[in-house]
Amino acid sequence: MLNLVGLIAVGVALALPQVAIAGDAAAGDHRYHQSCHACHGPAGKGVSSYPKISGNPVEYTREKLKAYRAGQKIGPNSGLMIMMAKPLTDEEIENLSAYLKDAKYEK
Ligand code: HEC
C-alpha cells in the first residue's frame, strides 16, 4: 500500500512540469495580437522586412525568443526583437510558440 502511494506521488511529480510547459495556443494568439501582429502581420505570415514566424516547430520559436530575450543578436535587426522579447515570461514564450506553430493566414 505504501509503495502504491509512493508511486502515485512520483507520477504526479513527473506529470506536473509537463502541464506547466505545454503552451496554450489561445493565450498565445491573444498575446500575439497585443505586441507582435504590428510587425509580423496576420498569423505571423511576415510583412516586408519582418520575417515569417509561423509554421516553425515549438522548439525553434522558443529558442529564438529566449535568445532575443537574453539580448543575443541573431540577424541585422535583432535590436527590435530584443526590445520586444525582454518583457516576455517563460509562459508567454511557450504560448506564443504553440500559437505560431499552427498559425495560418487564409488568403
Ligand atoms: C518592431 C517590430 C517587431 C515586433 C513588434 C516583433 N518583432 Fe519579431 N522580429 C522583428 C524583426 C525585425 C526580426 C528579425 C530580427 C533579426 O534581424 O534578428 C524578428 C524576428 C523574430 C523571430 C525570429 C525569426 C527567425 O526565424 O529567425 C521570432 C520568432 C519573432 N520575431 C517573434 C516575435 C514575437 C513572438 C513578437 C511579439 C512578442 C514579435 N516578434 C514582435 C520585428 C518585430
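Okay, let's start with a crossing: helix H4 passes helix H6 in a right-handed crossing. Right-handed here means the near helix is turned clockwise from the far one by less than a right angle, and left-handed means anticlockwise. Helices are DSSP runs of H or I with at least four residues, numbered from the N terminus.

Quick housekeeping. This is a predicted model, so local features need pLDDT of at least 70, side-chain atom pairs count only at pLDDT 80 or more, and totals for chains, interfaces and linings use all residues. Residues are numbered from 1 along each chain as its sequence is written.

Back to our pair. H4 covers residues 58–69 and H6 covers 90–102, and they pack at about 135° with their axes 8 Å apart. That makes H4 oblique to H6. Those axes are lines fitted to C-alpha atoms over the stretch in contact, and angles run from 0 to 180 degrees between N-to-C directions. Under 35 degrees counts as roughly parallel, over 145 as roughly antiparallel, 65 to 115 as roughly perpendicular, and the rest as oblique.

So who touches whom? On the H4 side we have Val58, Thr61, Arg62, Leu65 and Lys66, and they meet H6 residues including Ile93, Leu96 and Leu100. Contact means C-beta atoms, placed from the backbone, within 7 Å. The residues of this contact split into six nonpolar, two polar and four charged. Asp, Glu, Lys and Arg count as charged, Ala, Val, Leu, Ile, Met, Phe, Trp, Tyr, Cys and Pro as nonpolar, and the others, Gly among them, as polar.

Now helix H2, residues 25–35. H2 packs on H6 at about 95°, axes 7 Å apart, and that makes H2 roughly perpendicular to H6. Among the H2 residues in this contact are Ala25, Gly28 and Tyr32, and the H6 residues they meet include Leu96 and Tyr99.

Next, the largest nonpolar core: it has 13 residues, and Leu65, Tyr68, Ala85 and Leu96 are among those with the most contacts inside it. A nonpolar core is a set of buried Ala, Val, Leu, Ile, Met, Phe, Trp, Tyr and Cys residues joined through C-beta atoms within 7 Å. Which helix gives the most to this core? H6 does, with five residues.

Last stop, Ala26, also in H2. Is Ala26 buried or exposed? Exposed, because 11 other C-beta atoms lie within 10 Å; the cut-offs are 20 or more for buried, 12 or fewer for exposed, and partly exposed in between.

How values were computed: Helix = DSSP H or I, 4+ residues; strand = E, 2+ residues; numbered from the N terminus. Contact = placed C-beta atoms within 7 Å.
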